[in-house]
Amino acid sequence: MKNLSFLAVLSLLALTFPLAIASDPSPLQDFCVGVNTPADGVFVNGKFCKDPKLVTSDDFFFTGLQKARPVANAVGSNVTAVNVNNLPGLNTLGISIVRIDYGVNGQNPPHTHPRATEILYVGHGTLLVGFVTSNGDGNRLFTKTLKEGDVFVFPEGLIHFQANIGKFPAVAFAALSSQNPGVVTIANTVFGSNPAIDPNVLARAFQLDPKVVLDLQNKFKK
Ligand SMILES: *[C@@H]1O[C@H](CO)[C@@H](O)[C@H](O)[C@H]1NC(C)=O
């Protein structure tokens, strides 16, 4: 009986708010292979939940985001992510934060977050930022030069970037609308996949000589 009235309420809600509840929740990880017994399972809507009685303030705390990170790498930037993997209190809350350090001429190269919209705040420096819309919208570029105190939004799933065009190092902080936004860096993903994509496929896709593709694949090999 209890179950029946629950079902009745549920179908009523489904009729009233079809968009809100008549679909699966957004995935919180790249994939989640179904299992019938919890023995083989690891994730439940992200992670298992800690017994609330055992939860402490430290479960919602992270420290050290004031520290600049080293940027001596190929792209000249460093992203410090604070998400459910190092701040477990974020589980199921749909939010996370990053610090991004940029060296002079450094950049956060074109990438997407498959599960999150991003709102970026420039703490220091001058950044050229932009995102590109999907094919159906004509791949339009929305771009802006940001200075200290400016905020810009990168809509969920769209390819975006930031480049330091100032004379000094820069720093930005960004909030993302997922506990585990994921990152797909375009160059590394396409040319550095493991194993490598057939170079002839990429040569045709990017309209390049296969030798250039091999050179790129060598560069991004993991
Ligand atoms: C970013 O900074 C961390 C912490 O200092 C460091 O361990 C890591 O190697 C840096 N990453 C890159 C890509 O330079």
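Two residues are in contact here if their C-beta atoms, placed from the backbone, lie within 7 Å. By that criterion, residues 24 or more positions apart account for 73% of the contacts in the protein with a separation of 6 or more. The structure is a predicted model, in which the protein has five helices and ten strands, and of its 222 residues, 20% count as buried.

**Annotated binding site**

- An unreviewed UniProt entry places the feature "binding site" at Asn 108, His 113 and Glu 118, and such annotations may be inferred rather than shown by experiment.
- Asn 108 sits in strand E3, which covers residues 107-112, and this residue counts as buried because 26 other C-beta atoms lie within 10 Å of its own, where the cut-off for burial is 20 or more.
- Setting aside residues up to four places away in sequence, Asn 108 touches Ser 77, Val 79, Ile 100, Phe 161 and Gln 162.
- His 113 lies in the loop between E3 and strand E4 (118-124), and His 113 is likewise classed as buried, because it has 24 C-beta neighbours inside 10 Å.
- When neighbours within four places in sequence are left out, the contacts of His 113 are Glu 118, Leu 176, Pro 181, Gly 182 and Val 183; of these, Glu 118 is itself one of the positions that UniProt lists under "binding site".

**Pro 109 in strand E3**

- Pro 109 is also found in strand E3, but with 16 C-beta neighbours inside 10 Å it counts as partly exposed, whereas Asn 108 is buried.
- The C-alpha atoms of Pro 109 and Val 75 are separated by 7.1 Å, although the two residues are 34 residues apart along the chain.
- Beyond four places in sequence, Pro 109 is in contact with Val 75, Phe 161, Thr 185 and Ala 187, and Phe 161 is also among the residues that Asn 108 touches.

**Nonpolar core**

- In soluble globular proteins, nonpolar side chains tend to be buried together.
- The largest nonpolar core in this model has 17 residues, and those with the most contacts inside it are Ile 100, Leu 120, Leu 127, Leu 146, Ala 172 and Ala 174.
- At least two residues of this core come from each of strand E2 (96-102), E4, strand E5 (126-132), strand E7 (151-154) and strand E9 (170-176), and E9 gives the most, with four residues.
- Ile 100, leaving aside its neighbours within four places in sequence, is in contact with Ser 77, Val 79, Asn 108, Val 171, Ala 172 and Ala 174, so that a residue of this core touches the annotated Asn 108.

Technical notes. Residues are numbered from 1 along each chain as its sequence is written. This is a predicted model: local features need pLDDT of at least 70, side-chain atom pairs count only at pLDDT 80 or more; totals for chains, interfaces and linings use all residues. A residue is buried if 20 or more other C-beta atoms lie within 10 Å of its own, exposed if 12 or fewer, and partly exposed in between; C-beta atoms are placed from the backbone. A nonpolar core is a set of buried Ala, Val, Leu, Ile, Met, Phe, Trp, Tyr and Cys residues joined through C-beta atoms within 7 Å.
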